[in-house]
Amino acid sequence: MPTPSLATSPARPLTVRDLTACADLSEDRGWPREEHKWGLLLAAGRGYGIDDPDGGLAAACVVTSYGPVDRPELAAIGMVLVAERHARQGIGRHLMQQVLADTGPVPLTLHATSNGRPLYEELGFKTVGRAEMVRGRFTPTGPLPDVATRAATGEDLAAVLRIDAEVFGTDRTHVLARLPAFADQFRVAEADGELIGYAAAWPNMDTQVVGPLIARDTETAKALVASLARHTDRPLRTDIDVRHEELLRWLKAAPDVDTAGFNAVMTYGTADLPGDWSRRFAPLTVAAG
């Protein structure tokens, strides 16, 4: 039977002080603890949590809003989790309904697993795309693209923000400004003195996650991934928009790279994501878009 006190309880705001509780909830559901990612999301976004009367969190999620602070133009929902002991009691639906009510008319997006997708569809989300997670040591086969890459500097931030706003469709300054401290690597691609792409790789358990990956074209995306791979001894992981078939073929041609799963890209309140998908190869994290 549902637990009335939890399936009707209002969610409270989560802050970075709740990081351990969020990591505990991840671990409870068999996910990695991912404290590093939780820290970014709780600092840059708005966390929602329902407390368990017996301690810890019964449920949680994070909403990361983009655009002007007083009138967001898009928000990404991620890390939607319900503790195993409270699963299948309507708490996840209740939490999502609170988020939908709180965000109002702001268009929403999320990456859904096959398990979560039915709930989101019932709430009115529509599938608009698909992302393929690939993982391994990205050792390129064949000649490398003739595209210059280098480590980003503080002087690159303005150009990165300009390109990102074009590609993502709205401003993400409050998140991207945290990239230099959050990521192990932050690299840019150039042509004729102009910045034509950028990418970061950040630590996640035993891997580095490649994201965001923004590039003028596929060759630039390849060059950025190859440069990230050269500067780490960890396997890489990334979530590529499946429409970028050439990049996916190139990544999976490496002997140690495999598909690790798929997510449905869903939206609510908008027919599609804003921006230019042809230059948007991978998100910062599927939890934040």
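The model is predicted, so local features need pLDDT of at least 70 and side-chain atom pairs count only at pLDDT 80 or more, while totals for chains, interfaces and linings use all residues. Residues are numbered from 1 along each chain as its sequence is written, and side-chain values use heavy atoms, with hydrogens and water left out.

With a disulfide taken as a pair of cysteine sulfur atoms within 2.5 Å, the count is 0. The closest cysteine sulfur to that of Cys22 is in Cys61, 9.9 Å away, which is too far for a bond. Cys22 is buried (under 20% relative accessible area, with exposed over 50% and partly exposed in between; 1.4 Å probe, protein chains only), at 0%. Cys61 is also buried, at 0%.

Rings of Phe, Tyr and Trp (its six-membered ring) pair if their centres lie within 6.5 Å; planes under 30 degrees apart are stacked, over 60 edge-to-face, the rest tilted. There are 5 aromatic pairs. One of them, Tyr66 with Phe168, is edge-to-face, at 5.1 Å centre to centre and 75 degrees between the planes. Tyr66 belongs to strand S3 (residues 57–66) and Phe168 to helix H6 (residues 157–168), so the pair ties together parts 102 residues apart in sequence. Helices (H or I, at least four residues) and strands (E, at least two) are DSSP runs numbered from the N terminus. Tyr66 is buried, at 1%, as is Phe168, at 7%. Ring pairs also link Tyr120, Phe125 and Tyr268 into a cluster.

A charge sits over a ring if NZ of Lys or CZ of Arg is within 6 Å of the ring centre and within 35 degrees of the ring normal. The charged end of Arg130 is over the ring of Phe262, 3.9 Å from its centre.
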